Amino acid sequence: MLKDPSVFEEANRVQGIVAKADYVMAQSGIPAAKGVIEKLLGYGGYSRRPLPRIDPDVLNALWENPYLQALIELEKTLVQ
């Protein structure tokens with residue numbers, strides 16, 4: 001049992017960020033996920049056939065999604 005209930009508030013906040021970004025990525029498919037990984041980490045590239053390549057405009061719109069950006073910003077604070 002946790003003795004500090006304030007941990008739950010932070011856990012709920014983080015879970016909300018992760019869940020929203022996860023929903024966006026789940027709707028986008030494998031090509032989009034690989035594209036985001038490429039933009040974020042520098043590897044990932046394109047999906048193998050028969051999966052299509054992601055349209056650059058679609059990838060940019062996904063990259064600019066506020067839920068995904070919130071998760072990226074959260075991750076940056078955790079790795080420092």
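Predicted model: local features only at pLDDT ≥ 70, side-chain atom pairs only at ≥ 80, totals over all residues.
Q: Is Arg13 buried, exposed or partly exposed, and what is its relative accessible area?
A: Arg13 is partly exposed. Its relative accessible area is 42%.

Q: Which side chain does Arg13 meet in a salt bridge?
A: The general idea is that side chains of opposite charge can pair when their charged atoms come close. Here the partner of Arg13 is Glu10. The N to O distance is 2.9 Å.

Q: Where do Arg13 and Glu10 lie?
A: Both are in helix α1, which covers residues 6-28. They sit three residues apart, about one turn of that helix. Glu10 is partly exposed, because its relative accessibility is 39%.

Q: How many salt bridges does the structure hold?
A: Two. The pair Arg13 and Glu10 is one of them. Glu73 and Lys76 also meet in a salt bridge, at 3.3 Å from N to O.

Q: How are Glu73 and Lys76 placed in helix α4?
A: Helix α4 covers residues 66-79. Glu73 and Lys76 are three residues apart in this helix, so about one helical turn separates them. Glu73 has 40% relative accessibility and counts as partly exposed. Lys76, at 43%, also counts as partly exposed.

Q: At what angle do α1 and α4 pack, and how far apart are their axes?
A: Start with the general idea. Two packed helices are described by the angle between their axes and the distance between the axes. For α1 and α4 the angle is about 130 degrees. Their axes are 8 Å apart. That angle makes α1 oblique to α4.

Q: Is the crossing of α1 past α4 left-handed or right-handed?
A: α1 passes α4 in a left-handed crossing.

Q: At what angle do α2 and α3 pack?
A: The angle between α2 and α3 is about 70 degrees, and their axes lie 10 Å apart. So α2 is roughly perpendicular to α3. The label follows because 65 to 115 degrees counts as roughly perpendicular. The crossing of α2 and α3 is right-handed.

Q: Where is the place of Tyr43?
A: Tyr43 is in the loop between α2 (30-41) and α3 (56-63). Tyr43 is exposed, with a relative accessible area of 52%. The cut-off for exposed is over 50%, so Tyr43 passes it.

Q: Is Ser47 buried or exposed?
A: A loop residue needs its own check. Ser47 is found in the loop between α2 and α3. Ser47 is buried, because its relative accessible area is 12% and the cut-off for buried is under 20%.

Q: How many residues apart are Ser47 and Leu62 in sequence, and how many Å apart in space?
A: Read the two separations side by side. Ser47 and Leu62 are 15 residues apart in sequence. In space they are 17 Å apart, C-alpha to C-alpha.

Q: Which residues does a cis peptide bond join?
A: Check the omega angle of the bond. The residues are Arg49 and Pro50, and omega is about 15 degrees. Pro50 lies in the loop between α2 and α3.

Q: What separates the C-alpha atoms of Ala33 and Glu9?
A: Here the distance is 29 Å, and the two residues are 24 residues apart along the chain. Ala33 has its place in helix α2. Ala33 counts as partly exposed, with 25% relative accessibility.

How values were computed:
Residues numbered from 1 in each chain as written. Heavy atoms only, no water. Helix = DSSP H or I, 4+ residues; strand = E, 2+ residues; numbered from the N terminus. Buried < 20%, exposed > 50% of the residue type's maximum accessible area, 1.4 Å probe, protein only. Axes fitted to C-alpha atoms, helices over the stretch in contact; angles between N-to-C directions. Parallel < 35°, antiparallel > 145°, perpendicular 65-115°, else oblique. Left-handed = near helix turned anticlockwise from the far one by under 90°. Salt bridge = Lys/Arg side-chain N within 4 Å of Asp/Glu carboxyl O.
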